[in-house]
Amino acid sequence: MEKVQILWADDEIDLLKPHIMFLENKGYEVTTVNNGRDAVELVKAKEFDIIFLDENMPGISGLETLMQIKNLRSTVPVVMITKNEAEEIMEEAIGGKIADYLIKPVNPNQILLSLKKNLEDKRLISEKTSQSYQQEFRQIGMSMSDRLSWNEWVDVYKKLVYWEIELEASKDPSMYDILTMQKSEANHLFSKFVENNYLGWFKNPDTAPLLSHELMKRKAFPLVDQSEEPVFFLLIDNLRYDQWKVIQPAIQELFKIVEEDTYCSILPTATQYARNAIFSGMMPSEIQKRFPDKWISDEDEEGKNNFEEDFLVDQIQRLRKTYKHSYTKVTNLDAGKALVDQVPNMFRNKLNVIVYNFVDMLSHARTDMKVIKELAQDEKGYRSITRSWFEHSPLLETLKRIAEKPAKVIITTDHGTIRVKDPSKIIGDRNTNTNLRYKLGKNLNYEKKDVLEIRNPTEAFLPKVNVSTAYVFVKGDKFFAYPNNFNYYANFYKDTFQHGGISPEEMIIPVITLQSKA
C-alpha cells in the first residue's frame, strides 16, 4: 500500500522534527519546506494527499500560498496552522476552503487527528455504516418474516430507505448489493401483504390505513379548521419517500417539521385514479357515478386529470367547508415562475392547493429521453437529479416566499414509482390499456403468480368498462410486456421508473406537515 504523502510548509520547520518523526513512524511520508514559494513549486511538480501550511511565513503568506495551491489543485485538503487567533484570519482561511484549522503550539496527536479526519474519515464512516447495517440486516429480515401490519411495513420500508441512502454515501458496493437483495425480498413480501389485505380494507374500513380518498378529509381539512394561518397543500406528483428524504434538508432550513407521516395510495397507483381520489374524496367508481361526464376511461385519449379543481370544490361543499381557497397546477417552468409571484395573494386564502408536476415529467422523460436516462440510471441517480432540480427550481423559491410569513404546509404526492426489472407476459385485446404496471380489460391472459387480480372491480371501487372487465396489478419490480416484440420491449423498458402496480415505493406515500419559522 502506498504511503500517504504529506507536504509541510513552515518557516520554523526545524523545530517540528519531533512531529515529523512521529508521523514517519506512523507510516506517513513527509516532505518539508520553509516558505510558501517552495511549497507552490512542489505542488506544481508532485501530487500530495494533504498539506500542512503555516499562516505566518516570510515572502508570500500562508493565505497567499493557500490561494495559489487551490488554483493548482483545488481538491487537495489544506490544514492551516497559525499562532494568530484573530477572527478575520480564520474567516479568510475558511473562505479559502481549508480542510482544518489548528492553533500553535500543536502536539503530535492533534496532527494525527487532523490527518485521520481528512484522509480516513470517509473510510471510517463507510466501515461504521456497513457494520451498522450488518447488525440491522438480520433484524429487518426477521421482522419481514412475521405477519406485519401496515404500520410495521411502513417502518420496514423507512429503514430500507435510510440504509439505501447511507450505504450509497459510504460507497460500499458489497453491502449495497446485499441491501438491494433485501429490498427485493421486501417488495415480494409486501406484495403478498397487499394481495391478502387490500380488498378487506374496504369491507372493514377500521382495519385500513389512511387511503388516497380520505387524505384531504383526515389531513388537510382538519389542519385548515384548526389553524389561524393559511394552509398550503402541495402535491408534488410522483414523489417517492426517498426523494422526500433528499429534499428534506433544504426544506428544513425554512420550516419546522410538525409531523412526518405516510398514507397508502389506492390501486392503481396511477395519477388518473389516485390523484382524482384525493381531490374528490371518493373512490374511482364513486367519481364515475357522481361525475359521468368527467371520468375519463383509460382508453380515451384526452387528459385524465382535467377536473381536479371541480372535484376539490365538490368535496369542500359536501363537507360543508366555507373557507376561501385556491387551486394552482404547475406543468412547466413558466407556470412555476408565475407561482412564485402569486404567493402574496395566496395568503388571503385559508387553503391553497398546489399541484406540481415536475417529478412525474422526470419519470416519463427517464423512459423517453436518452440524456435523462443516463443521468437517472438507478435510484441513486433518480434521487440526485430530484435534489438538483429542487434546489434550483421555482418550487423552492415558492416555499421561501411562503416561509417569510406564518403559514402551514402539507407536502405529499399521489403515488410513487419503482424501477422495473423483469417483464411479465400478458395478452389482451386491442382495447387493453397501455400502462406497464396494471391492465384492465376482458379476456386477459397473464402469469397469475406475478399479479394481484381483481375479477370483480366493484369490490375495489373501480370503474367497470363492461360486465366482464377485470383488473390486474403486477407485483414487485416486474412490468407487463406483450408476446409480440417481447424482447424489444423487455429491453427498452427494463430499468425505467413506472407506476400503477404494487410495491412499497408506489404505495407508501409521504405526507409531511410543516410550520414556517417566520
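Helix H8 (215-226), helix H10 (271-280), helix H11 (284-290), strand E8 (325-330) and strand E9 (351-356) are among the elements that cover the buried residues of helix H12 in this predicted model. H12 spans residues 308-318.

**Helix H12**
- The buried residues of H12 are Glu308, Phe311, Leu312, Asp314, Gln315 and Ile316.
- An α-helix has 3.6 residues a turn, so residues three or four places apart point the same way.
- Arginine 320 follows H12 and has a positive phi, near 60 degrees.

**Asparagine 352 in strand E9**
- Strand E9, which is one of the elements covering the buried residues of H12, contains asparagine 352.
- Asparagine 352 has a relative accessibility of 0% and therefore counts as buried, the cut-off being under 20%.
- A polar contact of 2.8 Å links the side chain of asparagine 352 to the side chain of asparagine 349.
- When neighbours within four places in sequence are left aside, asparagine 352 is in contact with Pro230, Val231, Phe232, Phe233, Ser326 and Met346.

**Helices H2 and H3**
- The axes of helix H2 (residues 36-45) and helix H3 (residues 62-72) come within 10 Å and cross at roughly 5 degrees.
- H2 is therefore roughly parallel to H3, since angles under 35 degrees count as such.
- From H2, the contact involves Gly36, Ala39, Val40, Val43 and Lys44; from H3, Thr65, Gln68, Ile69 and Leu72 take part.
- By class, five nonpolar, three polar and one charged residues make up the contact of H2 with H3.

**Strand E12 and its partners**
- Strand E12 (residues 422-427) pairs in the parallel sense with strand E17 (residues 478-481), over four bridges.
- Within that pairing, lysine 478 in E17 is the bridge partner of aspartate 422.
- E12 is also joined to strand E14 (residues 445-446) by two bridges, and these strands run antiparallel.
- Here the bridge partner of isoleucine 426 is tyrosine 446 in E14.

**Glutamine 342 in helix H13**
- Glutamine 342 belongs to helix H13 (residues 333-346).
- The relative accessible area of glutamine 342 is 31%, so this residue is partly exposed.
- Glutamine 342 and threonine 398 are 56 residues apart in sequence, and their C-alpha atoms are 8.9 Å apart in space.

Terms used
Residues are numbered from 1 along each chain as its sequence is written. This is a predicted model: local features need pLDDT of at least 70, side-chain atom pairs count only at pLDDT 80 or more; totals for chains, interfaces and linings use all residues. Side-chain values use heavy atoms; hydrogens and water are left out. Two strands pair if DSSP finds at least two bridges between them. Buried means under 20% relative accessible area, exposed over 50%, partly exposed in between (1.4 Å probe, protein chains only). Contact means heavy atoms within 4.5 Å. Axes are lines fitted to C-alpha atoms, for helices over the stretch in contact, and angles run from 0 to 180 degrees between N-to-C directions. Angles under 35 degrees count as roughly parallel, over 145 as roughly antiparallel, 65 to 115 as roughly perpendicular and the rest as oblique. Ala, Val, Leu, Ile, Met, Phe, Trp, Tyr, Cys and Pro count as nonpolar, Asp, Glu, Lys and Arg as charged, and the others, Gly among them, as polar. A polar contact is a pair of N or O atoms within 3.5 Å; within protein, one must be able to donate a hydrogen and the other to accept it, and residues adjacent in sequence count only if both atoms are side-chain atoms.
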